[in-house]
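Please look at the sequence and the structure first.

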Amino acid sequence: MGLEEHYDIKLKICNILKITRSDTEIDMETAESLHEAFLKRLFMGNTNARSVKYMFSDSDVDKKNVINPLDLITALFLCSDKFLQQKIIEKMVLCQFAVPLLLPDSETRELTMMLWSMREVVRTFKPLMQAFRGSSTEERLVQSEIALISFVRLGKHFLSKSQMLNQVLSNTEQYHDIFYHSGLECGDVPRRISEGLVDFSWYLPCGIRSVDKFNEPIAVANLRGDIRTFVKQFTFLCQSSAVVYIFCDEAEVEYLKTVQVKDVRAKIILISSKKGKSFRLKYMTIKPSIKTKNISETKRTEKELARALQESVSRILENKTKKVSLENLAERARSCEILVDEDTDECKTGLRNSRLITSCIDKIPEFKEQELPCQGNIWKAISGVQMEHCRLRKVGKLKTEDYRKSLEAKEKEFKKKQHRFEMTPMISNFVKGISASEAHCSFFLKWMEMTLEDFSRQQLSALLDQYKRLKHESPKEKDIIADVEQQISICSLGMQHFFRECGQRYTCANGVPEFSNLRKRLEQLPYYFAQLMLDSFPFELVDGDAGNIPMTWMRAVLAELHHLIQSNSRVKVISVIGEENSGKSTLLNAMFGTRFSINRGMCTRGAFMQLITVSKRVKREIGCDCIMIIDTEGLKAHQMIQDDHSHERDKEVASLAVALSDITVVTFSKESSTDKDFLRMVVNVLARVKVADKKTLCHFVQVDINEVSVSEGKKRDKELLDRLNVLIQRDAEINARKLADLVEFDPYTWSWYLPSAWKGTPPMAAYSTDYSETAQALKSQLLKDLKKCPERDDLMDFAKRIEHIWKSL
């Protein structure tokens, strides 16, 4: 598959996000493109991602040269760095694919437990008792104490164990091929490097009796291969699981005597069959001798067997069986001579360095005030003065020039106060963390990110639920909603707050002694952040709290980024604006694999941008070296008017994004397509942008719209265009007659209907294939459109444009 070089030099996330030939042309799958085709589809949430295949020639009837998807997945994990492994598992879980728990390495013959790789998986679920109380659980699943149920095979079997598991675990409303099996494309191809793999999944209830198969969450492990060959894996499962089910033909039961397993702690249940024509569940003891006891009647069909297995698992859950977390199972793995992927110096050092900061956090508002002082009220005060300097709304009786001078003096005084803040221990530790080697820095940031997310989840859960409830049930209570939103802002603590503090500290660096170590470290910050952008980290463009851009910081980071990519930084820009909660971040993440945050109950605040690099061949086609993707705060049609003008921030941010963009995507719901207030906001944003040399090319995307026929789609398109044109004509402040006067758009491709992202009831719903394929089609169109857009200058010019446009706004 052309992955040999990546066995030592691992694939990274930025390698996968790069725009390549496969993004702009019909995918021609060769052996070398197989892994890229799989990952591109997986990153878009396409549940058909595992169906990629390649035959070396049509004459290979014996399938010797066809690749089993489990071999493909195993190869990719062996050839990816630990952060790409995390991202692959996150996407596989979204698609309801089983993920590697114990990964075999056919080169070294070693076995690795993939604990770190699963750390990012967070899920919300409702066990039955919690559903009765109207509550739910949101947890990082490696920390969840739940029952582990394992399935293994002895000898050859006439029944697909994985296919049976899928029947057992799929909810009543939808079947999922969670575990890949022989009945799927290339699933019957002999496995060459994935034998001995233990793949793994979770069953998580939604709290609806008619949908759930089980009332409690369970973890499910599935060993690929014969337990006689893979004794180490079998031993680990017998010591870790609540129960181990062994699929076995009755003629081979005696072979269990040859399997030497120490310290069996799980219940063992044998699923015996007579050449696949009848099945029976038997309780079994291995030591001191093999004994069995029937616990079910003979089952004649696979459907009957699936029902018997569900009943068996349910009984085990009712008996308050032992529960384990993956985090705690790491020690068990080590005792079985299984490597753990977190046992590296870089990972341990990253955790240790992050704990120097996170262990000191108790109450978030106090922590921010004491340890991150440069970005708080003082930065908001500076932002307010800068905004007033541009707008001059409160001149009063003063002469304009005198008023300007008074504002300049005020800004200078605020900045002096900001310069007087000493470097706090926490931000000093943070700067040390990001200035470490690339691997140490990456682990440090990821541990910080996950720990802060967990901390915020505990502290913000009630406020987020209240905010969501108010938005749904009492949307007209604008003052109460604004108050809750303000409380959420005060009690929030994420990576963006530490990044902001670094930006403010850099801005204040000229107040630090010139040749001090601290000054040197501060002056290197833009380089470290430019490196992070190259590694696919989003960068905060507009501060979501202060509603301002730290210009000095932004210019410095983009200048370093320009130099890092050796001045080959011609950039084109794609941005998304639209209604609050219309899935802007989700859509960008699906199309481009970006890492924009998706927060429960709360939308993006401010604006973030992420750099996507472009392969050499595609550079010539689309006329740029890189693409900047901008994600923005949602437009809120009904807002409380506030003295600080923060109610205008979303329109300002959206206007900035449109003015910077070559292509703008506007997202909105079905209801908003007829909401005059929302459409008026969109028109206002598009009209506000006065750029002499170009108009942005626009696409309108209606979300959560399923199965629109061609004729109905054309009718809706015309109605929407007519509404927009009428609003433009009625607005006396807009010097235009129709939408085409404000933006460029193709009458054949300007309007899109995006189905719901989920198929079924979460948490066991899978990503919708229709959603993924529509997002893929939109991405392809955006890349085609970029070819039409005039060539742009580099990142240095982009920074100048940001500053000019923001001041104009």
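Is A98 buried or exposed? A98 is buried because its relative accessibility is 8%, where buried means under 20% relative accessible area, exposed over 50%, and partly exposed in between (1.4 Å probe, protein chains only). The model is predicted, so to speak of local features requires pLDDT of at least 70, side-chain atom pairs count only at pLDDT 80 or more, and totals for chains, interfaces and linings use all residues. Residues are numbered from 1 along each chain as its sequence is written, and side-chain values use heavy atoms, with hydrogens and water left out.

**Backbone features**

A98 is found in the loop between α5 (82-94) and β1 (99-105). Helices (H or I, at least four residues) and strands (E, at least two) are DSSP runs, numbered from the N terminus. From A98 to P762 the separation is 664 residues in sequence and 16 Å in space, C-alpha to C-alpha. P762 is joined to P763 by a cis peptide bond, with omega about 10 degrees. P763 lies in the loop between β20 (758-759) and β21 (766-767).

Two residues other than glycine have a positive phi. For C186, phi is near 65 degrees; for N581, phi is near 60 degrees. C186 sits in the loop between α8 (161-169) and β6 (198-203), and N581 in the loop between β14 (571-578) and α22 (584-592). C186 is buried, with a relative accessible area of 9%, whereas N581 is exposed, with a relative accessible area of 54%.

**Salt bridges**

Side chains of opposite charge can pair when their charged atoms come close. A salt bridge is a side-chain nitrogen of Lys or Arg within 4 Å of a carboxyl oxygen of Asp or Glu. By this rule the model has 49 salt bridges. Examples are listed here.

| Pair | N to O distance |
|---|---|
| K40 and D23 | 2.8 Å |
| E252 and R228 | 3.5 Å |
| E501 and R505 | 3.4 Å |

K40 forms a salt bridge with D23. K40 lies in helix α3 (residues 34-43) and D23 in helix α2 (residues 21-24), so the pair ties together parts that are 17 residues apart in sequence. Both residues, K40 and D23, are buried.

E252 pairs with R228 in a salt bridge. This pair links distant parts of the chain, 24 residues apart: E252 is in the loop between β8 (243-249) and β9 (267-273), and R228 in the loop between β7 (218-226) and α9 (231-240). E252 is buried at 17% relative accessible area, while R228 is partly exposed at 29% relative accessibility.

E501 and R505 both belong to helix α19 (residues 495-507), four residues apart, about one turn of the helix. E501 counts as buried because its relative accessibility is 0%, and R505 counts as buried at 6%.

A network of salt bridges links E485, R500, E540, D543, D545 and R605.

**Lysines in two helices**

K446 is found in helix α17 (residues 438-473) and is buried, at 5% relative accessibility. Its side chain makes a polar contact with the side chain of E449 (3.3 Å). A polar contact is a pair of N or O atoms within 3.5 Å; within protein, one must be able to donate a hydrogen and the other to accept it, and residues adjacent in sequence count only if both atoms are side-chain atoms.

K417 lies in helix α15 (residues 400-419) and is partly exposed, at 39% relative accessibility.
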